[in-house]
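I opened my notebook today to look around one protein, step by step. Come along and check each entry against the picture.

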Amino acid sequence: MVNTLWLISFFGMVITGFIPLILGNTALNGWWMILHVSIAPLFSILLAIGAMYSAKKMGIDFNDSPRSELSRSIFWLFLLLFIPCALSILFSMNTWFGSTIQYVFLKVHFYSAIGMLLLVILHFNFLRNNKG
Ligand code: HEM
């Protein structure tokens, strides 16, 4: 249940983050921005709950988990990427740093978002192959 809701919210973030750029906007604006930042807290809370549920199953100690090494690496890498993704956008939206650094932070958000999307795609591709 938590995982399904999380996945829906993740795709909400992907759609509202990437579609405006694909449509030719240079940045998020209007409804895209409102939707993106409205889904963000839900996405983050569901990610935290889902991570706590899965952390034991995915065991950071690679010897005592029923899951394969690749699927655990994907899981932990995803959680690791969430840190730059969330912190970069937090830092880019306040005045602690100058505008050049804010721009760099936006790029970090963009590339960590791509990384997270690729890991989710890899995860599902991996699950499908395992079902064989
Ligand atoms: C912690 C949760 C998140 C928050 C608070 C957040 C917030 C934001 C905000 C405020 C912007 C607009 C920045 C600007 O144009 O100045 C943005 C842009 C963007 N976000 Fe997020 N976001 C989050 C997570 C995600 C996730 C999970 C993805 C996709 C996997 C994503 C993808 C994007 C993309 C592609 C952009 C456009 C970047 C660009 O213009 O270069 N975001 N985000």
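**Entry 1: one leucine.** I started with Leu 42, which I found in helix H2. The model I am reading is a predicted one. I counted 15 C-beta neighbours inside 10 Å of Leu 42, so I noted this leucine as partly exposed; a buried residue would need 20 or more. I also looked up Leu 5, which is 37 residues away from Leu 42 along the chain, and the two C-alpha atoms are 9.2 Å apart.

**Entry 2: the two domains.** I looked up the domain assignment next, and it lists domain 1 (1–58) and domain 2 (61–132). Their centres, taken over C-alpha atoms, are separated by 12 Å. Nine residues of domain 1 touch 11 residues of domain 2. On the domain 1 side, H1 and H2 are the elements giving two or more residues, and H2 has the largest share with six. I sorted that side by class and got five nonpolar, three polar and one charged.

**Entry 3: the ligand.** Where does the ligand lie relative to domain 1 and domain 2? Both domains give residues to the shell around the ligand, so I wrote down that it lies between them. The shell holds 23 residues, and Gly 17, Ala 27, Ala 40, Ala 86 and Ala 113 are the closest. I sorted the shell too: 19 nonpolar, four polar and no charged residues. Helices H1, H2, H3 and H4 each supply at least two of its residues.

**Entry 4: helix H3.** I checked the length of H3: at 1.5 Å a residue, its 24 residues should span 34 Å, and the end C-alpha atoms are 35 Å apart, which agrees. The buried residues of H3 are Phe 75, Phe 78, Cys 85 and Ser 88.

Definitions and conventions
Residues numbered from 1 in each chain as written. Predicted model: local features only at pLDDT ≥ 70, side-chain atom pairs only at ≥ 80, totals over all residues. Near = placed C-beta within 6 Å. Helix = DSSP H or I, 4+ residues; strand = E, 2+ residues; numbered from the N terminus. Nonpolar A, V, L, I, M, F, W, Y, C, P; charged D, E, K, R; others polar. Domains from an automatic or database assignment. Expected span 1.5 Å × (residues − 1). Buried ≥ 20, exposed ≤ 12 C-beta atoms within 10 Å, placed from the backbone. Contact = placed C-beta atoms within 7 Å.
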